[in-house]
Amino acid sequence: MSTDNASRPASPLNRFHAVIPAGGVGTRLWPLSRAAAPKFLHDLTGSGSTLLRSTYDRLEPLAGNRVLVVTGVAHRAAVCRQLPEVGEDELVLESEPKDSGAAIGLAAAILHRRDPDTIMGSFAADQVISPDQVFQDSVREAIHTAASGKIVTIGIKPTHPSTGFGYIRTGELLKIDGAPSAHAVVEFVEKPSEDVARKYLESGEYVWNAGMFVAPVALMLKHLESNQPELFAGLQEIAAAWDTPQRAEVTARVWPTLPKIAIDYAVAEPAAAAGDVAVVPGAFRWDDVGDFAAIGRLNSAGDVDEVTVLGEGARVFTENASGVVVSDTKRVIALIGIKDVVIVDTPDALLVTTKEHAQRVKGAVDALKASGDTDVL
């Protein structure tokens, strides 16, 4: 029996290592989400679990303890508190944000040095996904597809003609063992107008780009080297020192010099043009919680009438009202005869807007930054 096991090829699932990039402030969720406490550190769904913790728990059945977290130096203590399972060797700290190209590229370079046969999967820390089982089935398909020599993205089947997401145009079925729904990728397309988004939806050929990538680390790095040689060289230098006493010195010297670029532009789009990208359509529910209107969509458990209420011990009175209230204080909030309102009450800042204008919160943050009111950011 032992001979049979030895001669059987190992499953690609055993080569899988999850990567969680935990960055981005989420400025459209100000004043709840701030530089010191970004959105992935919050429970935005009323589940009792933060977005970061939920992401880890969703990946653990696939990766076990093979989970690398990339986050900012400032968030180290909070991340370690929420994920006590993540050891020092699995925590990659950025001294300053450099966009997803550097964050995911460094994770790939470190994992490649440790084991060049690794298949990595990158999943942002600030997305809401359910049910977990359907997500995990999609990731397993993506791992089998990656093992055939592809960079794989998990696309979300669109539910409406969204103008807020990029899209992926799917091509022919690839017929890969263990991945019955994997398709070739024809192209990535930017966020469309509503008319174009409607056409995408009607065609059935397009899925939303959720920024989830599963790929052999060697193939990821090959495309990074071809398209961004300067970024590739810097990341290789850091990765070479990563598991040595020189890590801090080399990272401090090289990281600030790296170019800022998204992984989509650095790797995914050029790789798609070369025919090296596949997509597995995901049938799970997915939301990137981009604004307070999304929080209203995702929450119903704490509803008072038609008002979604978030916050431990929030004191909210409503009469003929609807909307979202997030309270971080013990102040009583009374809503009377007001529809689709968004109120976020924190000890040092109060936001009042509507669901319709929730996307414009980022503009307020930009204005506060410009006027020097950075103490509330």
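Reader: Start with Glu356: buried or exposed?

Author: This is a predicted model. In it Glu356 counts as exposed, because its relative accessibility is 70% and the cut-off for exposed is over 50%.

Reader: Where is Glu356 found?

Author: Glu356 sits in the loop between strand 17 (349–354) and helix 12 (361–370).

Reader: How far apart in space are Asp345 and Ser33?

Author: They are 12 Å apart, C-alpha to C-alpha, and 312 residues apart in sequence.

Reader: Change of topic. How is the protein divided into domains?

Author: There are domain 1 (12–287) and domain 2 (292–371). Taken over C-alpha atoms, their centres are 30 Å apart.

Reader: What area is buried between domain 1 and domain 2?

Author: About 1500 Å², with carbon and sulfur atoms giving 66% of that area. On the domain 1 side, Arg28, Trp30 and Asp287 supply 41% of what domain 1 buries against domain 2, more than any other three residues.

Reader: How many residues are in contact there?

Author: 13 residues of domain 1 are in contact with 19 residues of domain 2.

Reader: How many salt bridges and polar contacts are there across the interface?

Author: The rule finds zero salt bridges between domain 1 and domain 2. One residue pair is in polar contact, with both residues at pLDDT 80 or more. The side of domain 1 that touches domain 2 has six nonpolar, three polar and four charged residues.

Reader: Last one, Leu224. Where is its place, and is it buried or exposed?

Author: Leu224 is in helix 7 (residues 217–227). Leu224 is buried, because its relative accessible area is 1% and the cut-off for buried is under 20%.

Reader: What is Leu224 in contact with, leaving aside neighbours within four places in sequence?

Author: Leu224 is in contact with Gly105, Pro229, Leu231, Phe232, Leu235, Ala266 and Val267. For Leu224 and Val267, the C-alpha to C-alpha distance is 5.6 Å, and they are 43 residues apart in sequence.

Notes
Residues are numbered from 1 along each chain as its sequence is written. This is a predicted model: local features need pLDDT of at least 70, side-chain atom pairs count only at pLDDT 80 or more; totals for chains, interfaces and linings use all residues. Side-chain values use heavy atoms; hydrogens and water are left out. Domain bounds come from an automatic or database domain assignment. Contact means heavy atoms within 4.5 Å. Buried area is the accessible area (1.4 Å probe) that two parts lose on being put together, summed over both. A salt bridge is a side-chain nitrogen of Lys or Arg within 4 Å of a carboxyl oxygen of Asp or Glu. A polar contact is a pair of N or O atoms within 3.5 Å; within protein, one must be able to donate a hydrogen and the other to accept it, and residues adjacent in sequence count only if both atoms are side-chain atoms. Ala, Val, Leu, Ile, Met, Phe, Trp, Tyr, Cys and Pro count as nonpolar, Asp, Glu, Lys and Arg as charged, and the others, Gly among them, as polar. Helices (H or I, at least four residues) and strands (E, at least two) are DSSP runs, numbered from the N terminus. Buried means under 20% relative accessible area, exposed over 50%, partly exposed in between (1.4 Å probe, protein chains only).
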